[in-house]
Amino acid sequence: MEHLLIKGKKALNGEVMISGAKNAVVAIIPAAIMANGVCIIDNLPSIEDVRCLQDTLIKLGAVCELIGEGTLMVDSSNLTNFNATFDSVRRIRASYYLMGALLGRFKEAKVALPGGCNFGTRPIDLHLKAFRALGAEIEEDYENGIISLKAERLIGTDIFLDTVSVGATINAMLAATLAEGVTTIENAAKEPHIVDTANFLNMMGAKIKGAGTDVIRITGVEKLHGAEYMIIPDQIEAGTYMIAAAVCGGNVCVKNIIPKHMDSLSAKLREMGCVIEEGDDYINVISTGKLRATRVKTMAYPGFPTDLQPQMVAGLAKAEGISLLTETVWENRFQYIDQLKKFGCEISVDGRVATIHGVNQLFGADVMATDLRAGAAMVIAGLASNGITKIGNVRFIDRGYEKIEYKLKALGADICRVKE
Ligand code: UD1
């Protein structure tokens with residue numbers, strides 16, 4: 001059992017380097033098995049979800065090795081197993097990308113239902129609808145938690161997504177890349193990692209246009225070749241450090257990022273009283289630690305990301321006045337609020353709206369991370385609190401944050417990891 005121990009109330013100052021994007025790499029590693037050749041993936045974050053996918057690819061018969069710090073080599077030339085039904089697959093949500101990748105390349109896949117964070121029901125009906133539209137036959141065995149997909153041929157078609165879904169957009173794009181003819185995905189999601197995955201596929205020989213807009217057009221190709229690719233920086237990791245700097249006070253340079261990806265958060269932090277300075281690949285957050293209340297609504301990109309919602313709630317807990325945070329993406333993403341209340345946060349939840357009454361002081365608490373981003377919210381609350389905070393279930397945080405305690409310590413935080 002590992003815990004994070006934090007002694008709060010230290011201002012944060014200095015630079016923090018942001019790692020490669022988790023939600024991009026978890027799509028790009030499965031996409032790499034679509035190539036008949038070697039793929040090299042750079043700027044790989046050292047996080048649990050990557051290790052889990054690496055393990056999964058090896059079990060499928062691919063060669064998947066770290067060949068340097070932050071560089072992964074994937075060679076799936078000899079991959080012959082299309083059944084990803086083992087336990088490692090169930091540990092993460094993004095294992096669903098193996099469906100699109102295996103179906104595209106081999107026209108056959110058997111994949112265990114995905115796990116990941118629990119924010120209420122997380123359906124994959126739109127993914128399956130897209131595969132069916134492309135010509136796949138699908139067996140959904142919910143008793144054993146396995147989805148089997150098979151197609152004689154995949155034929156390009158028009159796909160309209162009923163809901164804007166990141167996962168369904170990427171999965172449809174993966175399968176359509178190796179389909180015959182043209183596929184159009186309408187009402188597509190526009191998140192940065194969709195553009196990143198499309199860029200990687202195009203480097204491998206795919207013909208994808210429009211990623212980053214709500215209409216993506218894919219002209220199918222017969223096969224893909226290997227490529228070398230650099231993952232974009234992690235928007236959510238960057239946002240987590242920006243919020244931490246805003247709440248704790250100080251002057252933090254969040255480096256190796258794409259500032260445009262942070263626009264919705266930068267606007268909110270300015271509204272709350274921080275100075276935000278942008279450079280080509282960095283943002284400076286300058287804060288006195290005294291924040292004003294605001295209203296936030298989570299939306300698909302370029303709106304405010306749901307994956308920064310818990311961290312923002314922790315930030316607003318000390319902002320002067322009453323803030324409202326509306327969660328529009330997930331039906332049940334406030335389960336962690338009970339843990340935040342242990343710090344003295346005054347928050348009430350009514351359906352999809354959290355009302356946050358800002359308080360002057362938070363107090364260190366003994367809490368459990370309930371999921372990945374909720375864990376990050378507890379780290380922020382601990383940094384902003386008087387006294388000692390102990391956070392359990394660190395494995396959730398490790399799924400998406402590389403060396404979190406080292407990065408925060410370098411900024412002046414008093415934080416360490418302890419084993420019990
Ligand atoms: C991805 C991110 C996750 C983030 C979410 C929203 C990855 C690996 N995970 O998750 O961190 O919180 O985007 O930005 O990138 N929906 C359906 N049917 C489907 C699929 C989705 O109804 O088949 C609904 C969901 O219930 C949800 C909404 O669509 O309300 C958005 O979900 P989606 O964008 O698909 O999220 P994920 O791809 O699972």
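Me: How many residues surround the ligand?
Reply: This is a predicted model, where local features need pLDDT of at least 70, side-chain atom pairs count only at pLDDT 80 or more, and totals for chains, interfaces and linings use all residues. Residues are numbered from 1 along each chain as its sequence is written, and side-chain values use heavy atoms, without hydrogens and water. The closest are Y96, L126, S165, D307 and V329, and the surrounding residues number 21.

Me: By class, what does the shell around the ligand have?
Reply: Ala, Val, Leu, Ile, Met, Phe, Trp, Tyr, Cys and Pro count as nonpolar, Asp, Glu, Lys and Arg as charged, and the others, Gly among them, as polar. On that scheme the shell has five charged, seven polar and nine nonpolar residues.

Me: Which helix gives the most to the shell around the ligand?
Reply: Helices are DSSP runs of H or I with at least four residues, and strands are E runs of at least two, numbered from the N terminus. Helix 1 (22–32), helix 5 (125–133) and helix 6 (166–177) each supply at least two shell residues. With three residues, the top contributor is helix 5.

Me: What is the distance from an oxygen atom of the ligand to a polar backbone atom of G167?
Reply: A polar contact is a pair of N or O atoms within 3.5 Å. A polar side-chain atom of N23 lies 3.4 Å from a ligand oxygen, and a polar backbone atom of P123 is 3.3 Å from a ligand oxygen. For the backbone atom of G167, the distance is 2.8 Å.

Me: Which residue does a cis peptide bond join to Y301?
Reply: The residue lies in the loop between strand 18 (295–297) and helix 10 (309–316). Omega is about 15°, and the partner of Y301 is P302.

Me: What is phi of K9?
Reply: K9 lies in the loop between strand 1 (2–7) and strand 2 (12–17). Its phi is positive, in a residue other than glycine, and is near 70°.

How values were computed. A residue is near a molecule or strand if one of its heavy atoms lies within 4 Å of it. A polar contact is a pair of N or O atoms within 3.5 Å; within protein, one must be able to donate a hydrogen and the other to accept it, and residues adjacent in sequence count only if both atoms are side-chain atoms.
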